[in-house]
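Student: I would like to learn how to read the features of a model. Could we start with the surface and then go on to the strands?

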Amino acid sequence: MRILILGAGGIGGYFGGRLASSGADIRFLVRPSRAEVLARDGLVVRSPLGDLHTPVTTLTAATAPVDAVLLACKAYDLTEAMEAVAPAIGPSTVILPLLNGVRQLDMLDTRFGRKHVLGGLCHIGVTVNPAGQILHLNTLQRLVFGARSADQADAAERLFEAIQPGGFDLALSPAIVQDMWEKFTFLATYAGMTTLMRAPIGAIMAADDGEAIMREMLDECLATATAGGYPPRPDAMAQMTSSLTERGSAGTASMFRDMARNGRTEHEHVIGDMLARARKAGVPAPLLRLSLANMQAYEAQRSGTAAG
């Protein structure tokens, strides 16, 4: 199976690198500057599960259809990414997006047609260092995807078989949109609170009203997910509550880490989309509103658009 991966940053580089080293037919669609680094140094992963250094094939423009496209870009780059991969989408190509949130599904459906777009998510902590190496920050390396309709089931199964040799934790989900909504619910709370408080979970829990406010933010996201038809299942609910209220936890969302280095963030795609859905459903969401305003003020200051 011919697989094109859009991006060779943390997520695309990690999973794509594992696949390339296993012998899978992988091409990375990257910007010219990244292609130069990969041509010179190969793709390098530093991981507690084992380092990887492998040559990879790169493209700076897609020219022909492939069997599958894996999208591993930031949400704010999705429009540009869709245009970049468009020449690779043939009549039977499947698209596997590994972005946070759920808004990408509607965007991809509109651009390419729903029949092409699978659901997917990943759980992994990765970053890219100044040398272009991918740093795996923990032992999580889970990729979950699945068909969103019965007519995609065979294509999803073929993709699952093609990427099984990658050696990472892989699951073919029968309820992938539910899985995505559960991650979305958790992430909107996690990112919303750690960026708003400028602090990790443990520090928020140390505040007098920290846990109460965290639970109120979670309740807003839960009510929004429920109104949208995707209330979290009991196991997912227990896991997210435990993570969000863990005493002493150093955990922070990647959005917080992007903010700490004065980088662009996915706040509109995650917090903003959750707030928009809450408003559409008539769900009161004062903390989501405050969190989004905080991130929009940060972005205005970061990009130099703030007055003064």
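Tutor: Asp208, Asp209, Glu216 and Asp219 form a negative surface patch. Patch members have over 30% relative accessible area and no salt bridge, with like charges joined within 9 Å. Accessible areas come from the Shrake-Rupley method with a 1.4 Å probe, and for residues only the protein chains shown count as cover. Asp and Glu count as negative, Lys and Arg as positive, and His and the chain ends are not counted. The place of a charge is CG of Asp, CD of Glu, NZ of Lys or CZ of Arg. This is a predicted model, in which local features need pLDDT of at least 70 and side-chain atom pairs pLDDT 80 or more, while totals for chains, interfaces and linings use all residues. Residues are numbered from 1 along each chain as its sequence is written, and side-chain values use heavy atoms, with hydrogens and water left out.

Student: Where is the place of aspartate 209?

Tutor: Helices (H or I, at least four residues) and strands (E, at least two) are DSSP runs, numbered from the N terminus. Aspartate 209 lies in the loop between α7 (201-206) and α8 (210-227).

Student: In which order do the five strands of the open sheet come?

Tutor: Two strands pair if DSSP finds at least two bridges between them. Here the order is β5-β2-β1-β6-β7, with parallel pairing. β5 (58-59) and β7 (89-97) are the edge strands, each pairing on one side only. Within the sheet, β1 (residues 2-6) and β6 (residues 66-71) are joined by four bridges, and leucine 4 has valine 69 in β6 as its bridge partner.

Student: Which side chains meet arginine 2 or aspartate 67 in a salt bridge?

Tutor: A salt bridge is a side-chain nitrogen of Lys or Arg within 4 Å of a carboxyl oxygen of Asp or Glu. Arginine 2 and aspartate 67 meet each other in one, at 3.3 Å from N to O. This pair links distant parts of the chain, 65 residues apart, with arginine 2 in β1 and aspartate 67 in β6. The count by this rule is 16 salt bridges.

Student: Which strands pair with β9?

Tutor: β8 (residues 119-128) runs antiparallel to β9 and is joined to β9 by nine bridges; glycine 120 is partnered by phenylalanine 145 in β9. These two strands form a hairpin with five residues between them, and glycine 132 in the turn has a positive phi of about 90°. β3 (residues 43-46) is parallel to β9 (residues 134-146), with two bridges. β10 (residues 169-172) also pairs with β9 in the parallel sense, over four bridges, and arginine 142 stands opposite aspartate 169 in β10.

Key
Patches are made of residues with over 30% relative accessible area and no salt bridge: like charges are joined within 9 Å, nonpolar side chains (Val, Leu, Ile, Met, Phe, Trp, Tyr) within 5 Å.
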